Amino acid sequence: MGKAKDNKQSDSESSEEEEYVVEKVVDRRERKGKVEYFLKWKGYDSSANTWEPRENLECPELIKAFEDARAAARKENASKEKEKEKEKKKPSKPSSTSSTKRKADSDGEEASDDDKDDAASTKSSKSKSAADNDAAASDDGMNGFERGYVPEKILGATEANNELLFLIQWKDKDKAQLVSSKEARKHCPQLVIDFYEERLIWQSSDSVE
């Protein structure tokens with residue numbers, strides 16, 4: 001065990017040299033350029049620990065053990081710091097949240113495509129229903145005027161049951177419909193005039209003679 005010398009006076013004022021045994025070195029510091037060690041004394045509790053200059057100590061083994069442990073701790077801390085630096089430089093892995101979001105977006109796109117298909121199918125069904133309604137309208141005996149259709153052009157004329165009928169093309173409708181000339185003159189007289197003017201052949205007076 002190491003030793004440290006301390007001079008104390010007894011109550012009888014006699015000078016007596018007393019030796020203390022160092023149990024272990026606890027810490028180290030430098031003061032005014034001198035190295036001091038914080039010592040735990042054998043037979044005393046930690047409250048009796050004291051700082052002592054190195055030159056007063058006779059415990060080289062304990063000092064060496066403390067310095068070796070201190071150097072090892074420093075080396076370990078330096079190694080940990082290097083590992084932390086390496087971890088910081090490594091590229092971060094994509095988080096599972098991002099992957100989930102990308103998958104959700106992909107599912108959303110697929111759902112959108114399905115919605116588009118459904119919308120197109122619905123639109124097609126509506127168009128077919130409208131066409132069916134137009135066909136039904138022509139078969140139920142009601143003409144376009146009675147249904148509020150807008151006449152666009154008279155395509156031709158024919159006679160049935162001694163009655164003159166005009167073939168009328170309705171605006172925004174695919175099928176033309178035969179309507180009595182009476183109804184046509186009532187609802188679209190200008191179209192009737194245009195129809196006759198397109199087919200009117202003028203003859204000169206010379207050809208008449």
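1. In this predicted model, the side chain of Q177 reaches the backbone oxygen of M142, at a distance of 3.1 Å. Q177 belongs to strand β7, which spans residues 176–180, and with a relative accessible area of 12% Q177 is buried.

2. As for the overall architecture, the protein contains five helices and seven strands, and their order from the N terminus is β-β-β-β-α-α-β-β-β-α-α-α. Of the contacts between residues at least 6 apart in sequence, 31% join residues at least 24 apart.

3. On burial, 18% of the 209 residues of the protein count as buried. The accessible surface of the protein amounts to about 16,600 Å², and carbon and sulfur atoms account for 48% of that surface.

4. Which kind of pair do the rings of F166 and Y196 form? The count of aromatic pairs in the model comes to nine; in the pair of F166 and Y196, the ring centres are 6.1 Å apart and the planes stand at 75°, so the pair is edge-to-face. Because F166 lies in strand β6 and Y196 in helix α4, this pair ties together parts that are 30 residues apart in sequence. The two partners can also be described by their accessibility: F166, at 0% relative accessibility, counts as buried, whereas Y196, at 44%, counts as partly exposed.

5. Elsewhere among the aromatic residues, Y20, W41 and Y44 are linked into a cluster by ring pairs.

6. Finally, the confidence of the prediction should be read alongside the points above. The average pLDDT of the protein is 77, and 64% of the residues score at least 70. Over residues 7–15 the pLDDT stays under 50, and for this stretch the model has six contacts beyond four places in sequence.

Terms used
Residues are numbered from 1 along each chain as its sequence is written. This is a predicted model: local features need pLDDT of at least 70, side-chain atom pairs count only at pLDDT 80 or more; totals for chains, interfaces and linings use all residues. Side-chain values use heavy atoms; hydrogens and water are left out. Helices (H or I, at least four residues) and strands (E, at least two) are DSSP runs, numbered from the N terminus. Buried means under 20% relative accessible area, exposed over 50%, partly exposed in between (1.4 Å probe, protein chains only). A polar contact is a pair of N or O atoms within 3.5 Å; within protein, one must be able to donate a hydrogen and the other to accept it, and residues adjacent in sequence count only if both atoms are side-chain atoms. Contact means heavy atoms within 4.5 Å. Accessible areas come from the Shrake-Rupley method with a 1.4 Å probe; for residues, only the protein chains shown count as cover. pLDDT is the predictor's confidence in each residue, from 0 to 100. Rings of Phe, Tyr and Trp (its six-membered ring) pair if their centres lie within 6.5 Å; planes under 30 degrees apart count as stacked, over 60 as edge-to-face and the rest as tilted.
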